[in-house]
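Subject: Structure handover

Hello,

Here is the structure I promised to pass on. Please look it over before our next discussion.

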Amino acid sequence: MPDIQNYTLNFGPQHPAAHGVLRLVLELDGEVVTRADPHIGMLHRGTEKLVETKTWVQALPYMDRLDYMSMMCSEHAYCLAVERMLGIEAPVRAQYIRVMFDEITRLLSHLLFIGSHGLDVGAMSMMLYAVREREDLVDCYEAVSGTRWHAAYYRPGGVYRDLPDSMPQYKESKWKNGARLKQLNEARSGSFLDFLQDFVSRFPKIVDDYETLLTDNRIWKQRLVDVGVVSPERALQLGCTGVMLRGSGFAWDLRKKQPYAVYDRLDFDIPVGATGDCYDRYLVRINEMRQSNRIIQQCIDWLRANPGPVICDNYKVAPPPRAGMKSNMEALIHHFKLCSEGIHVPEGEVYSAVENPKGEFGVYVVSDGANKPYRLKIRSGAYAHLAAIDELVRGHMIADVVAIIGNIDIIFGEIDR
Amino acid sequence: MSTKLELLGQNLQKHLGERIAGLRTALGEISIDVDAAVYMEAMLKLRDEPELRFEQLIDLCGVDYSAYGDGRWKGKRFAVVTHLTSVTHNWRLRVRCFAPDDDFPAVPSIVSVWNSANWFEREAFDLFGIVFPGHADLRRLLCDYGFVGHPFRKDFPVSGYVEMRYDPEQKRVVYQPVSIEPREITPRTVREENYGNVENA
């Protein structure tokens with residue numbers, strides 16, 4: 001019998017299950033993983049260095065490009081940091097809009113998770129269903145910001161503009177016409193909030209459909225149950241946050257424990273797992289989608305009833321209204337100073353964290369009083385989770401590596417930064 | 001919230017005592033400075049003392065203070081800043097530890113205290129050149145395999161030193177000095193206090 005030795009497998013960086021550009025060096029004993037060494041940095045753009053040369057507002061769009069599947073949550077953390085240092089607060093309506101879009105973003109991220117995780121594990125159809133729902137949500141992004149991903153919609157002091165009164169409609173084409181076109185445009189005939197309301201009313205049924213496909217599916221359970229177990233003690237040691245921590249039994253959610261924006265006025269629950277395996281984390285995410293839907297519904301109701309300003313009226317932070325600039329000397333000067341020099345943030349340091357769909361997303365800012373950040377450190381949940389992957393995959397089969405990578409829901413934009 | 005911060009401040013004083021080189025409370029957060037010599041024991045106290053109980057290391061990063069306030073900075077150049085969270089007490093803390101030597105910055109590794117420090121320390125080493133004695137596997141993390149220098153230091157240009165292209169004659173990728181010139185559209189300015197304040201001029 002020939003002598004069989006351990007051998008090393010290079011997984012990625014161009015591998016469809018690597019979720020981006022992960023290079024994983026796996027040491028194998030037969031088909032069992034004995035060690036995993038992730039090599040990251042293939043997408044390192046030096047965001048933290050780049051924003052040191054940008055003004056406070058110019059630095060904001062970089063936040064979209066970190067976790068490019070949950071864009072506005074990252075913006076939120078950054079805006080909260082700047083606002084806390086400036087000692088200002090966004091108007092309540094802006095805070096509700098932010099919370100609403102944070103939850104839309106959570107749905108976007110979790111939907112992608114369920115799609116790509118399904119794809120990794122062999123449930124091809126999940127991707128198709130998830131993308132169908134995501135389409136409506138990125139249309140919401142597009143309606144308020146003009147872009148489908150990199151929105152740059154939140155600004156220090158509020159949000160860029162109020163929710164639109166109308167939604168863009170589908171035009172007649174070779175593929176969309178007649179009764180189908182009419183049906184597609186029906187939800188779009190009202191305001192933005194009407195469109196979102198239509199989605200929110202449909203969505204619980206859609207999640208039910210996902211659950212019939214997956215939750216009791218025999219293959220799905222065989223691939224996920226008891227795979228990648230994180231015990232509560234290890235979850236804390238490894239710096240797990242978000243779903244990774246909740247899956248291990250901690251009811252720890254920054255939206256409840258250290259509420260920001262208007263989360264303390266909203267009614268929602270924190271789903272918690274019991275065993276800390278992949279299946280529990282899947283269940284937690286499914287439940288979080290239902291909770292997000294509840295939050296969006298509450299925000300829609302509030303926003304319908306309470307019109308108001310969406311950005312603060314401190315012209316040293318946010319530009320004055322366009323009409324004022326045409327007639328008012330002071331407004332013109334403010335606008336010029338803001339656009340040529342930018343905001344000056346008082347000296348100090350602050351760490352602001354939000355509950356990103358993938359874990360705690362934190363921004364640590366040091367300012368020396370200039371119009372640019374002195375140092376900005378981005379703390380992303382997926383970074384700590386990927387660092388823990390060696391421990392998670394040890395002793396599992398190669399096929400489980402794919403399941404675990406998909407399950408911890410990593411995005412390279414925020415790992416490599 | 002503020003009573004909670006006070007309680008945390010008192011507990012810190014009680015258990016760390018003289019190990020705290022400086023304590024600041026600002027913007028609803030507590031930051032402490034700790035000397036490198038007592039860094040390790042202070043961190044162990046922070047984790048294990050039931051009245052502090054910081055079970056989680058959320059973040060660890062390097063900071064290069066050399067250009068702070070356009071040269072106003074008089075202290076040590078490199079610092080390691082950690083953010084700790086207590087799930088039990090629901091509070092946070094920032095710990096800053098300056099590296100004693102500017103030319104060879106080194107701060108003890110805390111991987112044995114919180115395992116999550118592993119990659120954060122590798123990153124700080126990669127980007128700032130801060131060495132962590134006690135770290136078992138201090139390799140570069142984010143930069144390229146053969147990268148020279150520590151890009152997040154303030155004296156490292158944003159455009160870097162070398163660029164990479166494919167050379168059709170040698171039929172391989174070659175490195176060459178950068179051909180782009182750094183440019184700054186909005187200059188960095190630090191304004192004096194009361195700038196533009198007409199009433200109290």
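My notes on the model follow.

This is a predicted model: local features need pLDDT of at least 70, side-chain atom pairs count only at pLDDT 80 or more, and totals for chains, interfaces and linings use all residues. Residues are numbered from 1 along each chain as its sequence is written, while chains are lettered from A and ligands numbered from 1 in the order in which they are written.

Helix pair in chain A

Helix 4 (residues 92–121) of chain A packs on helix 5 (residues 124–145) of chain A at about 160°, with the axes 8 Å apart. Helices here are DSSP runs of H or I with at least four residues, strands are runs of E with at least two, and both are numbered from the N terminus. Axes are lines fitted to C-alpha atoms, for helices over the stretch in contact, and angles run from 0 to 180 degrees between N-to-C directions. That makes the two helices roughly antiparallel (angles over 145 degrees). The crossing of helix 4 and helix 5 of chain A is left-handed (the near helix is turned anticlockwise from the far one by less than a right angle).

Residues making the contact include A:Leu108, A:Leu111 and A:Gly115 of helix 4 of chain A, and A:Met127, A:Ala130 and A:Leu137 of helix 5 of chain A. Contact means C-beta atoms, placed from the backbone, within 7 Å. By class, the contact has 14 nonpolar, 3 polar and 2 charged residues. Ala, Val, Leu, Ile, Met, Phe, Trp, Tyr, Cys and Pro count as nonpolar, Asp, Glu, Lys and Arg as charged, and the others, Gly among them, as polar.

Sheet in chain A

Chain A has an open sheet of 3 strands, order 1-2-3, with antiparallel pairing. Strands pair if DSSP finds at least two bridges between them. Strand 1 (7–11) and strand 3 (32–39) of chain A are at the edges with a single partner strand each, so one side of each has no neighbour in the sheet. The twist averages 20° from one strand to the next. Strand 1 of chain A is joined to strand 2 (residues 23–29) of chain A by 5 bridges. A:Asn10 sits opposite A:Val25 of strand 2 of chain A.

Chain B against chain A

The contact takes 42 residues from chain A and 34 from chain B. On the chain B side, strand 3 gives the most, with 6 residues. That side has 18 nonpolar, 9 polar and 7 charged residues.

Best wishes

Note on methods. Parallel < 35°, antiparallel > 145°, perpendicular 65-115°, else oblique. Contact = placed C-beta atoms within 7 Å.
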